[in-house]
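I opened my notebook for a first tour of a new structure.

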Amino acid sequence: MALDGNAIGGLLLEIFAADMTSAETTCAACGAVRPVAGTAVYLRGPGTVVRCRSCTSVLMVITRVRGRNCVDLSGLDALQARP
Amino acid sequence: MAGTAVRGRLIWQVATVATVTDETDAVRTIALDLPDWPGHHAGQHLDVRLTAEDGYSAERSYSIASADGEPVAITVERLDDGEVSPYLTQELRPGDQMEIRGPIGNWFTWGPHDGGPLLLIAGGSGVVPLRAILRHRQRSGSNVRARLLYSSRSLEEVIYRKELDEYRGSAQVRYTLTRRQPPGWGGFAGRVDDAMLARIAWPASQRPLAFICGPTPFVETVAGLLVARHYPESRVKTERFGGA
Amino acid sequence: MTSPVSRGFHRLSRPGDAQAGKLPPGQHVTTDFPVLSAGPTPHTPLQEWSFSIRRGGKTLRTWTWAEFMDLPAETVTVDIHCVTRWSKLGTVWRGVPVPVLLDQVAHDARYVLAFSDGGYTTNLPVKDVTGGQAWLAFDYDGQPLPPEHGGPARLLVPHLYFWKSAKWVRGMELLDHDQPGFWENYGYNNYGDPWREQRYAGD
């Protein structure tokens, strides 16, 4: 289902040991800058897919393989946590 | 692995149900006892994890219904075909335990220092974090101007109605009833549209801060309408709900 | 830390004993049809839809929707198994067997990479999409396949985990060497046999 980055706040807390919902994402495909909370999130599938709301490209993919989180951030040019 | 086990202990906490309060036929507020809770900010949410006797577990996210400094409470709407919400709204009793991760979300939050004027727009159970924001505004004595537009199918399904009606004078609360209106209803009816926003939304020139919460289609429609009214995207905060 | 049990909480559906024998390991039966997606639902109008077979950057054959509808189709009843652990038994689909399409192109490829609207891909050995094992399905449960379940047409390969049954499929790339698709690139098994519980890479 299509939600936003608020829905993965807990998952990102687990991965980064920090609240990342205000962290700024920069899309590697189109350059759009948005907080994680503003990204489009697809949950409940084999993994979590986070897409750019402007161009729909994949920003991040998080899967859980044998109990461990696998995080692919290659769709981001930058991920900058806000203080 | 040792490192993961330690972090797990720091992230999930065991909560005991303190009280349960039915808000409407399908909605219940659950107050939790969390001895190591670090405190939360209005607008934030938490994750709940339930574990069955056979080891099966399910996780869901719920907005925190209480304001900064108040005991943690969540308000859950029962979805008939859900797996977790029917349990939380019908089976759960004081003394039962669950695991909680949170508080989560430092973007969809409001405090008096964030200013206003505030425009809060709720679709169904999306009112929960906005109610927490109104409570926090009230409890902190803030005089930031605030308006809540709350879309509900009917008046009986309005959550926190008595409390919201008591803001008369200090915050403007308007309901729009989309499916049924009581006889003589003089309030808004039907889905939120531009005509309705023309009557309740602060003009963009006042640099309002908007919070929209509810199901994805509701949030996206309303956010689009506010942006069309020249609210900058950075001043329209959204939280989409979904799931059982 | 062991999680405390939440008194009275249990999974929504339980596999009946009679059905347990029909299930791959780690699966449970569901009666609904969960909608899982990696992105927004595409809505390609039928007059713009096509299915293509490509190789080495060249399109070898394309079918429009009308041409696709003219191909021989069959109705099949199959069990489907999602890697997220739900299984749905006795699902009824109507579709064109994949060999009807593949046989129109002379090739010696050993693998295919199915590609879909929205950019999703998944890889399969050619031998797994032939021999009565795969269809290009356009009807589910007697109705045109709705967009949220992959309509107008999706791949249907029930003997593998359902992520291989690509929704919104628009074609297949013929390959000499196997190439991982979307989920395969993010840690999922290259083949995906539910009966051998091949969920993740290395299983």
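Predicted model: local features only at pLDDT ≥ 70, side-chain atom pairs only at ≥ 80, totals over all residues.

**Entry 1: chain A**

I walked along chain A from the N terminus and noted its elements as β-α-β-β-β-β-β-β-β. For finding my way, residues are numbered from 1 along each chain as its sequence is written, and chains are lettered from A and ligands numbered from 1 in the order in which they are written.

My tally for chain A is 1 helix and 8 strands. Helices (H or I, at least four residues) and strands (E, at least two) are DSSP runs, numbered from the N terminus.

I then looked up the radius of gyration of chain A, which is 12 Å, close to the 12 Å that the globule rule gives for 83 residues, so chain A is as compact as a globular protein of that length. That radius is taken over C-alpha atoms, and the globule rule is 2.2 Å times the number of residues to the power 0.38. Along the principal axes, the C-alpha atoms of chain A fill a box of roughly 35 × 25 × 20 Å.

What share of chain A counts as buried? I found 49% of the 83 residues. Buried means that 20 or more other C-beta atoms lie within 10 Å of a residue's own, with C-beta atoms placed from the backbone; exposed means 12 or fewer, and partly exposed is in between.

I also checked contacts in chain A between residues at least 6 apart in sequence, and 48% of them join residues at least 24 apart. Two residues are in contact if their C-beta atoms, placed from the backbone, lie within 7 Å.

For the sorting, Ala, Val, Leu, Ile, Met, Phe, Trp, Tyr, Cys and Pro count as nonpolar, Asp, Glu, Lys and Arg as charged, and the others, Gly among them, as polar.

What does H1(A) lie across in chain B? I found strand E3 (45–51), E4 and E6 of chain B under H1(A), which runs at about 80° to E6(B). Such axes are lines fitted to C-alpha atoms, for helices over the stretch in contact, and angles run from 0 to 180 degrees between N-to-C directions.

Chain C touches chain A too, with 13 residues from chain C and 15 residues from chain A. The chain C side divides into 9 nonpolar, 4 polar and no charged residues.

**Entry 2: chain B**

Chain B is divided into domain 1 (2–104) and domain 2 (112–241), with bounds that come from an automatic or database domain assignment. Their centres, taken over C-alpha atoms, are 25 Å apart. In the contact, 14 residues of domain 1 meet 13 residues of domain 2. Strand E1 (12–24) and strand E5 (73–77) of chain B each supply at least two residues of the domain 1 side. I counted that side as 5 nonpolar, 6 polar and 3 charged.

Next I traced an open sheet of 6 strands in chain B, with the order E4-E3-E6-E1-E2-E5 and antiparallel pairing. Two strands pair if DSSP finds at least two bridges between them.

B:Thr16 has B:Gln97 in E6(B) as its bridge partner.

Elsewhere in chain B, strands E8 (residues 146–152) and E9 (residues 172–177) pair in the parallel sense over 6 bridges. B:Tyr150 has B:Tyr175 in E9(B) as its bridge partner.
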